[in-house]
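My notes follow in the order in which I looked.

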Amino acid sequence: MKKSFALIVLAIVLCIIFPSCHTIYISTPYSEYVYPEEEEAAADTPETLMHDEDVLESVESIHIPLPDESSEGFTGSELLGTVSYSGPESDEDEITISISLWETEERRALMNEAIALYEAEHPGVKIIPDYVDFSGYWGNISADAAGGKLSDIIEMDRAHISQFSERGLLYDFTRFISGLYGYGLPIGLKADVMQYDESILEDLGLVLPEAFTFEDFSAISREIYDRTGIKTATSLSLDFLEAISSRRGRSIYSEIMNEETDSTEAYFSLVKTVAENPFYAYSNDETWNTFTDTANLNPAYRTICFSDMGFYSLFSITSSSEHPDVAMDFIIYLVSSDVLTPVFRFSFGVPVFRDIRDITLTEDEKEQLDLILSLGSQMSIAMPPNGNREVSRLLSSYSALVREGSISPEEAADEFIAEAKEILLRARNVI
């Protein structure tokens, strides 16, 4: 049990950033951001957006080219380069670009506004959004891929981009801009966090310290439940297993291929611990705490960060697009145009390419920015290998067996690793 306590401290509570073998270094124009009301932000010195030293130029990495050292000021489009495409010959010849998105209602309104602004600047281009709730999004995308009906642009996440690119379904961005490696461009930065209702603790005379052990966390959770009936949310998934592995200086996928079970055994031990204690819940419903990300903060709650920095989402161009250059132009506009800075603000995470120095941040936006900048300058961009979704389903199956007591954490780890290795090898066409 003490082993699981120590690991959950590393995996959830402590915000310690370990360098990855696939990292990029971020130095945005606001890495040393000073809030305008406190001191005028320096805008004359061009900053390097991303300095790439260790990233492998492959399907598993995203490489953003450096800006021209002679450039003055900052705009994302300068960093991304310029895409040339042949527009329609007249207003009657309209180019239509479709884009698949999973956004919430609030973000759909913002995206529609961005589309309208782009169309106003490009009267011969029509952008058709296809919104699907995230719960059904990837099922729809898979069906579209099977039927050869993919949109020109797909909102992508790190769990799927390797699979789609390896299947030849996405364009490599080198086609559009020399030196721009990868299959997607990010719109914003985020990190996973735990938020909690401090008033519940205050009413009970409890305090959750800035740094605490799992024993402290468990004791507080038990007391809250005993006195109020309110449970504690947990977040157990493949992402969580990846976090345990990375905080041991490893990769869960290399552990699977090397048939190492330490991280997986620790994970299943946590699953067992949660199952054995009635004050734990498997969701955020009616709990005193919740697991979310910095792009979806509840300003009324206190926040504790427990992950490395990551992308809010990526935008990719499908290889079946009839107008890939136009699609690329729209993606660059979407992720980098400063026209969209006052529209999007921080709704899609902390902007990667858009300059925020000319807007006054709200207190909520300051918190979001501070949390991202507190993570330091390193961000892992390693993409999971093909087959990771099947591995995720396998992990859920064994977690259910551990919860019901049909199998021990040690047995689950051994069997999971063996089957997961077969999945990854099969996905790579090795077996």
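Which residues in α14 meet which residues in α15? I found that Glu390, Val391, Leu394, Leu395, Tyr398 and Val402 in α14 meet Ala412, Glu415, Phe416, Glu419, Ala420, Ile423, Leu424 and Arg426 in α15, where contact means heavy atoms within 4.5 Å. By class, the residues of this contact divide into 10 nonpolar, no polar and four charged; Ala, Val, Leu, Ile, Met, Phe, Trp, Tyr, Cys and Pro count as nonpolar, Asp, Glu, Lys and Arg as charged, and the others, Gly among them, as polar.

Before going on, I noted that this is a predicted model, in which local features need pLDDT of at least 70 and side-chain atom pairs count only at pLDDT 80 or more, while totals for chains, interfaces and linings use all residues. I also noted that residues are numbered from 1 along each chain as its sequence is written, and that side-chain values use heavy atoms, with hydrogens and water left out.

**Helix packing**

Helices (H or I, at least four residues) and strands (E, at least two) are DSSP runs, numbered from the N terminus. I looked up the axes of α14 (residues 388-403) and α15 (residues 409-427), which come within 10 Å and cross at roughly 165°; axes are lines fitted to C-alpha atoms, for helices over the stretch in contact, and angles run from 0 to 180 degrees between N-to-C directions. That makes α14 roughly antiparallel to α15, since angles under 35 degrees count as roughly parallel, over 145 as roughly antiparallel, 65 to 115 as roughly perpendicular and the rest as oblique.

I then turned to α10 (residues 262-276), which packs against α14 at an angle of about 45°, with the axes 9 Å apart, and the two are therefore oblique to each other. In this contact Tyr267, Phe268, Val271, Lys272 and Ala275 of α10 meet Leu395, Tyr398, Ser399, Val402 and Arg403 of α14, which gives seven nonpolar, one polar and two charged residues.

For α10 and α15 I read an angle of about 135°, with the axes 8 Å apart, and that makes α10 oblique to α15. The contact is made by Thr264, Glu265, Phe268, Ser269 and Lys272 of α10 and by Pro409, Glu410, Ala412, Ala413, Phe416 and Ile417 of α15, with six nonpolar, two polar and three charged residues.

**The sheet**

I next traced an open sheet of five strands, in the order β4-β3-β5-β12-β6 and with mixed pairing; two strands pair if DSSP finds at least two bridges between them. β4 and β6 (185-186) stand at the edges, each with a single partner strand, so one side of each is left without a neighbour in the sheet.

I finished with the helices that lie across the strands. α3 lies across β3, β4 and β12 and runs at about 170° to β4, while α11 (residues 324-336) lies across β3, β4, β5 (153-156), β6 and β12 and runs at about 170° to β12.
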